[in-house]
Amino acid sequence: MTNKQTIVSGIQPTGRLHLGNYLGALKNFIKLQNDYQCYFFIADYHSITENYNPKDKPQQILNLAADMLAAGLNPKKCALFVQSDIPAHTELAWIFNCLTPISYLERMTQYKDKAARQKENINVGLFDYPVLQAADILIYHATAVPVGQDQDQHVELTRQVARFFNNRFGQTFTEPKSLHTETPKIMSLADPDKKMSKSLGDNHCLYIDDEPKIIAAKLAKAPTDSGDAKSAGAKNLLTLSKIFSSEKLYNQYLAAAKSGGLRYGDLKKNLAADIAAHFTDYRQAKQTLLKNPDQIRKVLAAGARVASAVAKKTMAEVREKIGISY
């Protein structure tokens with residue numbers, strides 16, 4: 001038994017991870033695994049609410065698992081598994097569907113954003129995914145969910161779903177709290193008025209497995225200004241410099257910008273080297289992992305066994321309380 005609080009979070013396998021994905025989720029996972037009982041999963045069911053090619057999905061799952069392991073997730077410190085390997089997630093989501101008012105889902109701002117991006121495929125899963133997300137979290141009795149403040153609405157819905165169940169069938173689920181993690185907003189390299197996103201195209205993203213030459217080439221094309229760092233593009237580069245470069249170098253850039261003489265050529269060159277260096281060990285580790293996909297599958301299977309034991313216990317209690325255990 002452990003006295004640690006429990007954290008649950010997942011990442012969708014929809015392609016390569018960019019800096020926004022890494023800084024917004026994975027980097028925090030690596031820190032949290034040392035202090036919490038962690039269940040981290042590859043959210044493949046969530047990923048199929050969007051347009052995708054089924055032939056690509058298996059490799060996307062393995063690639064994301066390799067990303068997570070290479071970046072520093074330790075299977076001895078956390079349970080790492082694939083969502084669809086635990087059928088109890090979707091079973092519990094259906095039960096929650098029968099308790100959650102439609103009006104609560106209609107309020108979710110991210111559904112509106114996603115529906116606007118895929119107008120030809122506004123499916124029920126896209127509308128209902130916050131309920132599955134609640135099941136993902138509550139089935140492991142999470143006490144906290146690591147999120148940026150823009151995700152608080154989802155955690156609040158999860159708390160409400162737990163309340164709906166507890167009020168009707170008796171105390172069963174913990175209402176998890178938001179664990180606000182530092183999530184710097186990383187903007188597109190090509191269009192810095194927009195958030196970095198794979199949907200915008202490769203030239204908008206710095207992927208964490210990009211080779212050093214590609215990183216340098218992408219940063220070289222990033223828009224800037226005359227040297228005062230007041231433009232969105234310049235601010236984005238300074239945000240990245242604050243994260244990946246030395247404090248001394250970052251402060252030099254700030255001072256230069258204040259006088260209107262920031263030399264972006266130097267900034268971009270140094271930043272490219274710093275980002276490439278930051279991910280050197282990760283890139284090497286990922287290449288090694290992908291040469292042995294069966295080893296990745298073994299890690300995921302072991303994580304699924306840990307998660308399944310907890311999920312099955314939860315579902316046995318839930319089934320009995322709702323009256324379908326006989």
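Colleague: How many aromatic pairs does a search of the whole structure find?
Modeller: The search finds 12 aromatic pairs. Bear in mind that this is a predicted model.

Colleague: Take Phe-29 and Phe-40. What kind of aromatic pair do they form?
Modeller: They are stacked, with 4.2 Å centre to centre and 10° between the planes.

Colleague: Which parts does that pair tie together?
Modeller: Phe-29 lies in helix 1, residues 19-32, and Phe-40 in strand 2, residues 37-42, so the pair ties together parts that are 11 residues apart in sequence.

Colleague: Phe-29 and Phe-40, buried or exposed?
Modeller: Phe-29 is buried, and Phe-40 is buried as well.

Colleague: And why is the pair of Phe-279 and Tyr-282 edge-to-face?
Modeller: Because the planes of the Phe-279 and Tyr-282 rings are at 75°, with the centres 6.0 Å apart. An angle over 60 degrees counts as edge-to-face. Both Phe-279 and Tyr-282 are buried.

Colleague: Which residues do ring pairs link into a cluster?
Modeller: The cluster consists of Tyr-22, Phe-244, Phe-279 and Tyr-282.

Colleague: Switching to charges. What lies over the face of Tyr-104?
Modeller: Arg-107 does, at 4.3 Å from the ring centre.

Colleague: Now the strands. Which residues cover the two faces of strand 4?
Modeller: Strand 4 spans residues 144-147, with Ala-144 and Pro-146 on one side and Val-145 and Val-147 on the other. All of these are buried, and both faces of the strand are covered.

Colleague: Strand 4 and strand 5, parallel or antiparallel?
Modeller: They run parallel, and four bridges join strand 4 to strand 5, residues 177-180.

Colleague: What stands opposite Val-145 there?
Modeller: Ser-178, in strand 5.

Colleague: Zooming out, how many helices and strands does the chain have?
Modeller: There are 14 helices and five strands.

Colleague: What share of the residues is buried?
Modeller: Buried residues make up 48% of the 326 in the chain.

Colleague: Last one. Of the contacts between residues at least 6 apart in sequence, what share joins residues at least 24 apart?
Modeller: For this chain that share is 77%.

Conventions. Residues numbered from 1 in each chain as written. Predicted model: local features only at pLDDT ≥ 70, side-chain atom pairs only at ≥ 80, totals over all residues. Heavy atoms only, no water. Phe/Tyr/Trp six-rings, centres within 6.5 Å; stacked < 30°, edge-to-face > 60°. Buried < 20%, exposed > 50% of the residue type's maximum accessible area, 1.4 Å probe, protein only. Lys NZ or Arg CZ within 6 Å of the ring centre and 35° of its normal. Contact = heavy atoms within 4.5 Å. Pairing = 2+ DSSP bridges.
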